[in-house]
Amino acid sequence: MPFHALTIWDLSILLVRIAIIAVVVVHVLLTKRDVGASIGWIGVTVLMPLTGGALYAMFGINRVHRRARRMVGQHPWRSRTMNSQWQREAVGAFAPLAAMGGKLTGRPLLGGNAVSVLHDGDSAYPRMIAAIKGARNSVLMCSYIFRPDHSGRQFCNALIAAHRRGVQVRVLVDGVGSGYFGCGVGRILHRAGVPVGRFMHSMLPWRMPFINMRDHKKILVVDGLTGFMGGLNIGDENVAASRPAHPVSDTHFELAGPVVHQLSEAFARDWAFTTGEELTADIFFPPQASHGPVLGRIVTAGPDLDLEKVEYTMLQAFTLARRSIRIMTPYFLPDDRFLTELALAALRGIEVDIVVPWHSNHTLLDWARSANLPRFLDSGCRIWLARPPFNHSKLMVVDGHWSCVGSSNLDVRSLRLNFEINLETYDDALAARIDAFIATHRHVRLTHHDLDRRPLWLKLRDAAARLLLPYL
């Protein structure tokens, strides 16, 4: 009898394993676009059906994409976006990119914008807090990291004061970046009555993956007229004057003009996704006036209907480059097609300069980057190391005319898994200013010799870290 019962039990377990494998294989084949990821998930599930099936259920299913499809057509933001104001002459050789961007994003390229460059929290935070203090109607704020330290409390105090004087305030923080088990800023704001949302946060991992798919955007819009965006999080480490133990330099941008409307739209989408509240009142989307000469457009990306749109925009810009491509990024681990486009540009004589930190704040990423850089050097790209402090800026300039700035890092996680926001602009003066800033951080040129002379154990360590590239 025991032998017979054991046989039935074994058969039951076998059938369960086969069923799990079949369900995962079918779902992978029907939904996964990436061949490597598909093979990986199938392989893990075949080798470990119970564990692999559980992992796939938690981390392999893009619930965000499915929900985004259900939300299509429910929001009126697009119909309120201003009509395109650009002319072909203003974008020159980048006219194909300008046209493609409209089709890709569904947002028009807008003229009449002013863009101010702000470096570090020392210059950006006072401007941002002053804008919040002067708000009359609305404040929309989103940040990946929002610490409850001295800098964070200054923002909290300004947001709470605005809320108490009747301003419509909405604050969105990431469910992991601003604290997974506890969110200090969320508690402070919630106790004061300020509406605050935690993006994709759940203590139940099967409800929403808590490692992948983070909201990495940094947005502040005041009265629908003044906007801030870029790479700057909220925390004391971004303020050099406070002499933090691990200082972080960064670049942020203040916007005025029609493109701020698109910045508000990007926030409104994430807010509706997180809380269910639709921000459609006129105070969030007031009439816009012309403030400057810059042509610009907001480009969002994420594992939903905006999948890979920032990367596609960058790749198209590379194909149109005729003189130079300048890149500054804190993390440089792009995929093969990104490598291919940069390599082809360098091979046809384009000056490709890539500036990365000497050391970032993620050691494992630095190791993987070291193993990945020889492929760029082989094609003629120039790699530059920026000395400390660690610079978190995400900047790109092509041919001294087109610029792309914002929250996107140049790694697989940022370009495919995170929710990101960038601003593309067509303006020589702004491009020259960003290009000059990148040039000041070209401190030490990295060569093949520098990488080749590393000890064997370091090469093996870095090569092993590079295998994690899709997950870093």
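Mentor: Let us begin with burial: buried means under 20% relative accessible area, exposed over 50%, and partly exposed in between (1.4 Å probe, protein chains only). This is a predicted model, in which local features need pLDDT of at least 70 and side-chain atom pairs count only at pLDDT 80 or more, while totals for chains, interfaces and linings use all residues. Residues are numbered from 1 along each chain as its sequence is written, and side-chain values use heavy atoms, with hydrogens and water left out.

Trainee: Why does Asp411 count as buried?

Mentor: Asp411 has 5% relative accessibility and therefore counts as buried, the limit being under 20%.

Trainee: What does Asp411 touch?

Mentor: Contact means heavy atoms within 4.5 Å. Leaving aside residues up to four places away in sequence, Asp411 touches Tyr331, Leu333 and Pro334.

Trainee: What makes Phe318 and Phe338 an edge-to-face aromatic pair?

Mentor: Rings of Phe, Tyr and Trp (its six-membered ring) pair if their centres lie within 6.5 Å; planes under 30 degrees apart count as stacked, over 60 as edge-to-face and the rest as tilted. The structure holds 9 aromatic pairs. For Phe318 and Phe338 the centres are 5.3 Å apart and the planes at 90°, hence edge-to-face.

Trainee: Why is the pair of Phe332 and Phe376 called tilted?

Mentor: Their ring centres are 4.8 Å apart and their planes stand at 50°, so the pair is tilted. Both Phe332 and Phe376 are buried.
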